[in-house]
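Today I am opening my notebook on a structure I have not looked through before. Come along as I look things up one at a time.

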Amino acid sequence: MAADISRRHWLKNATVLSTGLGSLALGGKTFAHSENSLASTDPLSEPAEQYIRLFYNENPYGPPAGALAKVMEVANRGNRYATFATYDFDVLRAKIAAEEGLTKDHVLLGHGSFQPIIWLAQHFLQKGGEIIVPSPTFDIVGMYARKLNAKTRAIEVNEKMEMNLVEMEKAVTDQTTLVCVCHPNNPTGTLVDPSQMNDFCETVSKKAPVLVDEAYIQYTDAVPNWRDASMVKQIKAGNNVIISRTFSKIYAMAGFRVGYLLGQPDLIKSLTDRFTLGFPGNMPNTLSVAAAIGALEDTTFVDQSKQKNAAAKAIFYQQLEKLDLPYIPTQANFLYFKVPNFPVFKQLMNDKKILLAGGWPSKPDWARVTFGKPEEMRVFYEVLKAEKWR
Ligand SMILES: Cc1ncc(COP(=O)(O)O)c(C=O)c1O
């Protein structure tokens with residue numbers, strides 16, 4: 001079993017404590033974008049990719065055709081803010097809400113999920129106190145807090161590389177102003193059992209607001225329907241839980257910059273009033289709103305992406321097992337695995353124009369590789385098999 005093999009190896013090597021986004025293996029300056037259906041039919045498209053991008057957890061198969069069709073349709077309205085009957089911010093909010101069984105008053109749009117997460121952090125950090133974050137994770141709240149010299153408490157993942165909810169709950173005090181979890185977690189790819197996460201949210205949200213980052217939730221195969229793994233039920237129950245989601249991952253629209261928060265309407269209203277001042281200026285642009293509406297209407301794209309992801313995952317596991325490299329079974333579109341010497345490994349990959357991430361401070365020799373297209377992965381595996389970095 002993959003899980004057993006990987007566990008056997010990495011348990012030996014678990015180390016402790018740190019935060020940060022890890023080091024991205026950036027090898028070059030600009031990254032031409034030509035691997036999508038729009039670019040491939042566009043005579044003005046940029047030259048072929050210079051790099052194999054396995055570092056930002058992008059979905060290489062997009063953007064969805066439904067999104068691109070809407071972009072084409074609305075492009076000549078780029079002179080206007082996205083306040084049209086059919087491509088309005090509120091149309092998108094209502095569509096998102098309908099999918100979740102919520103109202104549009106539960107939805108706050110932003111430039112990717114990054115921007116509204118930072119808004120949320122700012123909102124709660126002004127109250128002082130301390131925020132609690134897992135480690136390692138995609139720690140933008142912790143990073144932002146540290147920039148403001150605000151207090152953060154990072155709780156290291158447990159021996160299964162899952163967020164340590166027991167320790168996180170113990171860390172909550174009456175000084176805690178925000179608790180952050182990532183479900184599934186980036187970079188480890190682990191998903192805490194949804195019922196445990198639900199209990200955690202239920203208990204902890206009575207003491208402090210809980211942000212659940214669900215950037216990769218659609219990729220999970222831990223439950224037959226990914227929606228059952230989501231913490232939206234906590235919002236429906238009226239609890240002090242906020243969910244962040246994005247069109248950047250399974251929807252393959254990272255460059256369009258659309259994401260959103262789901263939360264209680266009073267909080268969403270406070271954030272909207274405070275950060276948009278009620279104007280469309282600090283909201284996604286017209287093309288992005290149209291693209292997101294088109295993506296939600298494209299009923300096949302997410303399922304197809306998920307199938308391709310599952311195929312890539314199976315091959316990746318096999319490759320790592322052949323090479324006897326420990327890895328963590330993933331619930332997302334990337335894999336976390338241990339290499340003997342990450343800096344050397346990263347350099348070799350960069351030299352071959354392959355970009356990847358890893359080296360989070362508490363896990364210095366763990367690499368995170370996003371699943372690319374089969375032809376990209378073949379190049380990656382060739383380099384991976386090279387002995388010289390070991
Ligand atoms: C867990 C997680 N949350 C949020 C983001 C932010 O992405 P975006 O701003 O594109 O939605 C990322 C990006 O990699 C991520 O991994």
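**Entry 1: the model.** I note before anything else that this is a predicted model.

**Entry 2: the sheet.** I looked up the strand order and found an open sheet of seven strands, β3-β9-β8-β7-β6-β4-β5, with mixed pairing. At its edges I found β3 (107-110) and β5 (151-156); each has a single partner strand, so one side of each is left without a neighbour in the sheet.

Entry 3: I then followed β3 to strand β9 (residues 259-262), and the two pair in the antiparallel sense over four bridges. Here I saw Leu-109 opposite Tyr-260 in β9. Helix α4 lies across β3 and β9, and I noted that α4 runs at about 125° to β3.

**Entry 4: the helix pair.** How do α4 (residues 89-100) and α11 (residues 286-297) cross? I found that their axes come within 9 Å and cross at roughly 30°. That angle makes α4 roughly parallel to α11, and the crossing is left-handed. On the α4 side I listed Phe-89, Val-91, Leu-92, Lys-95 and Glu-99, which meet Val-289, Ala-292, Ile-293 and Leu-296 in α11. By class, I sorted the residues of this contact into seven nonpolar, no polar and two charged.

Methods: Residues are numbered from 1 along each chain as its sequence is written. This is a predicted model: local features need pLDDT of at least 70, side-chain atom pairs count only at pLDDT 80 or more; totals for chains, interfaces and linings use all residues. Axes are lines fitted to C-alpha atoms, for helices over the stretch in contact, and angles run from 0 to 180 degrees between N-to-C directions. Angles under 35 degrees count as roughly parallel, over 145 as roughly antiparallel, 65 to 115 as roughly perpendicular and the rest as oblique. A crossing is left-handed if the near helix is turned anticlockwise from the far one by less than a right angle, and right-handed if clockwise. Two residues are in contact if their C-beta atoms, placed from the backbone, lie within 7 Å. Ala, Val, Leu, Ile, Met, Phe, Trp, Tyr, Cys and Pro count as nonpolar, Asp, Glu, Lys and Arg as charged, and the others, Gly among them, as polar. Two strands pair if DSSP finds at least two bridges between them.
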